[in-house]
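Please keep the sequence and the coordinates at hand while reading.

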Amino acid sequence: MASRKIKGTNIFNGTAFLDSDKVLVLTDDGTIQAIVTEKDAGADIEIHEGIICPGFINAHCHIELSHLKNKIPTKTGLINFIEQILKHRGPSDEKDAAMEAAALELFETGTVAVGDICNTADSVKLKENSNLYWHNFIEVSGFVDEVAQKRMDDILLVEKVFKEALGKKFNGTIVPHAPYSVSKTLFVLINEKANNKTISIHNQETITENDFFLNRQGDFLRLYKNLGIDITHFHASKKSSLQSWMPYINNTKRIIAVHNTFTSDADINFAKQYLNPHKMFYCLCPNANLYIENTLPDINLFINNNCNIVLGTDSYASNFQLNIFEEIKTIQKHFPKIPLEKILQWATVNGAAAIGIEDKFGSFHVGKKPGVVLVKTNEAVRLV
């Protein structure tokens, strides 16, 4: 027996807008039962002003940094941002409450599934009884080859905590932090663990990242010096960051490259040589890009190359909210010619495919429980 019949100004089914007379029919537990015309739906139809849309997929988040909201200055550039994160990210009495508040915002603004970066097991307690789906990208870093095995051993202990606490609810992968923070040896170890899973990596968030790999110059030299990290072993590859790290990752089912603010046409074409384009996803976090570097990726470059685009929020350390619809609004503001239908695909069906949960989320297909969001002009709210 259907518990709800929902009609909006329009229905977006994850791929396209449907005719305006369509009604979404749900069973008691939120499972999609049918999409029918209004005349066939019968009585008791909920009428809403706005677009009825599947729940959003936040493909890149750092829930464990939620206690850093409003604590990191804006527009200082990535290097200064990293230094501030390292300064403030330690233990905090505020951390659990901040993560709970962040998860509540995610839920209420329509997110149903999160690709979450985990450097620690701090978020395990939150995820044990969460009403969100979490894919845990358990992130490892270490730019010196000699510490690679130790860093891998340490992060495997974090993964063990997740697995023991979450049991069958655990979904996760060991992933690299970024090209500038992972040594060649550590990349090899990560690749061995990939085992046909989804890999996430921070990619080309700042122009100095490319400078570092092309010419061994730029602000990263200052960062390593300030951190006391000896990089005498590092030699410039004479290639861009993406073209330097991607050959190390060949044992994965999918790759989510995150940020991509300074990714080029040549980088995109290079990636196509190493991974089936259907398995390569480019995650945009526009509000975080504005927060840190005050710049945005050339989104039309990815569209023109038929790339799979997904959306993320990054963290409260680099964003004022964890609301996917605010990311959509920012894209609309700066790229007004991109159709809303396309951006909603990035937030729903593409995000689900990137994380590997398209059988459950991302679209209104019979038998799925993707959540239901009402998208209005200035906000999105969860209905189911």
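## Helix packing, a parallel sheet and the cysteines

Helix H7, which spans residues 207-215, packs against helix H8, residues 219-227, with an angle of about 85 degrees and axes 8 Å apart. Because angles of 65 to 115 degrees count as roughly perpendicular, H7 and H8 are classed as roughly perpendicular to each other. On the H7 side the contact is made by Thr208, Glu209 and Phe212, and on the H8 side by Asp219, Phe220, Leu221 and Tyr224. By residue class, this contact of H7 with H8 comprises four nonpolar residues, one polar residue and two charged residues. These values, like the others in this report, come from a predicted model.

An open sheet is formed by four strands in the order S7-S8-S9-S10, and their pairing is parallel. Its edge strands are S7 (56-61) and S10 (172-176), each of which pairs on one side only. Neighbouring strands of this sheet are turned against each other by 20 degrees on average, with direction ignored. Strand S8, residues 111-118, runs parallel to S9 and is joined to S9 by six bridges; Gly115 has His135 of S9 as its bridge partner.

| Helix | Strands touched | Angle between directions |
|---|---|---|
| H3 (residues 95-108) | S7, S8 and S9 | about 145 degrees with S8 |
| H6 (residues 184-194) | S9 and S10 | about 160 degrees with S10 |

Within strand S9, which covers residues 133-140, lies Phe137. Is Phe137 buried or exposed? Its relative accessibility is 0%, so Phe137 counts as buried. Leaving aside residues up to four places away in sequence, Phe137 touches Ala59, Gly115, Asp116, Ile117, Cys118, Thr173, Val175, Thr198, Ser200 and Ile256. Phe137 and Glu159 are 22 residues apart along the chain, and their C-alpha atoms are separated by 9.6 Å.

Turning to the cysteines, a disulfide requires two cysteine sulfur atoms within 2.5 Å, and by this rule the count is zero disulfides. Cys61 is in no disulfide, the nearest cysteine sulfur being that of Cys285, 9.1 Å away; Cys61 is also buried, with a relative accessible area of 0%.

Note on methods:
Residues are numbered from 1 along each chain as its sequence is written. This is a predicted model: local features need pLDDT of at least 70, side-chain atom pairs count only at pLDDT 80 or more; totals for chains, interfaces and linings use all residues. Side-chain values use heavy atoms; hydrogens and water are left out. Buried means under 20% relative accessible area, exposed over 50%, partly exposed in between (1.4 Å probe, protein chains only). Axes are lines fitted to C-alpha atoms, for helices over the stretch in contact, and angles run from 0 to 180 degrees between N-to-C directions. Helices (H or I, at least four residues) and strands (E, at least two) are DSSP runs, numbered from the N terminus. Angles under 35 degrees count as roughly parallel, over 145 as roughly antiparallel, 65 to 115 as roughly perpendicular and the rest as oblique. Contact means heavy atoms within 4.5 Å. Ala, Val, Leu, Ile, Met, Phe, Trp, Tyr, Cys and Pro count as nonpolar, Asp, Glu, Lys and Arg as charged, and the others, Gly among them, as polar. Two strands pair if DSSP finds at least two bridges between them.
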